[in-house]
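Thanks for making the time this morning. I would like to walk through one model with you, going from the overall fold down to a few side chains.

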Amino acid sequence: MDASTVPRHALEPEAVIADAVGTVEPALDPNRVRAVVTTTFPVGTQRRRLAALLQQDPSWLTQGRPQSPAIVDRFIQALIKNGAARVQPPRCGVCGEARRLVGMLPDSETRICGKCERVRRDKANPCAV
C-alpha cells in the first residue's frame, strides 16, 4: 500500500491526537500529550482508533456527550490527571452528571452512569414478590 493513500491517523496517531488536544488545551506541552497517549494506550490499534475519532470530530474532547466512546472517556480522564482544564468528560445520558459511565441505554449508543443503570434495570425487572 502506498503511504500517500494511508490516512494520517493511521501513520501518525500520536501527532493527530496531540494536534487535536493542542487546539483545546494550548497550555499543555505536545510532548506531554504524546506521553499520556502512549502511557494510556500502549497498543497501537487503540491510538489509531482514538486518532481517527479525534481527526474526524475533535469536539469529542469538549462536549461531554454521553455517546462518547469509552476510549475518549479514558483519554479525557488521563488528560485531566495531567493538567488539562478545558476538556470535558462525557456525562450520563440520563441524569447529566459527569460520573463513570458503565452502561448503555437499550437500542442506543448513549452511555449512562451506574446509578441510572441500576434504576433502569430495576424498572425493567421489577421484583415478582
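This is a predicted model: local features need pLDDT of at least 70, side-chain atom pairs count only at pLDDT 80 or more; totals for chains, interfaces and linings use all residues.

Residues are numbered from 1 along each chain as its sequence is written, and side-chain values use heavy atoms, with hydrogens and water left out.

The protein chain has 6 helices and 2 strands, taken as DSSP runs numbered from the N terminus, with helices being H or I of at least four residues and strands E of at least two. In sequence order the pattern is α-α-α-α-α-β-β-α, and the C-alpha trace spans about 65 × 35 × 20 Å along its principal axes. Of the 129 residues, 38% count as buried, meaning under 20% relative accessible area with a 1.4 Å probe, protein chains only.

Now to the helix pair. The axes of α2 (residues 13-24) and α4 come within 8 Å and cross at roughly 40 degrees, where axes are lines fitted to C-alpha atoms over the stretch in contact and angles run from 0 to 180 degrees between N-to-C directions. On the α2 side, Pro13, Glu14, Val16, Ile17 and Ala20 meet residues of α4 including Arg47, Leu50 and Leu54, a contact being heavy atoms within 4.5 Å.

How many aromatic pairs are there? The count comes to 1, with rings of Phe, Tyr and Trp (its six-membered ring) pairing if their centres lie within 6.5 Å, and planes under 30 degrees apart called stacked, over 60 edge-to-face and the rest tilted. The ring centres of Phe41 and Phe75 are 6.2 Å apart and their planes stand at 45 degrees, so this pair is tilted. Phe41 lies in the loop between α3 (30-40) and α4 (44-56) and Phe75 in helix α5 (residues 70-81), so the pair ties together parts that are 34 residues apart in sequence. Both Phe41 and Phe75 are buried.

Finally, Gly103 sits in strand β1 (residues 101-104) and is buried, with a relative accessible area of 8%. Leaving aside residues up to four places away in sequence, Gly103 touches Thr110, Arg111, Ile112 and Glu117.

How values were computed: Buried means under 20% relative accessible area, exposed over 50%, partly exposed in between (1.4 Å probe, protein chains only).
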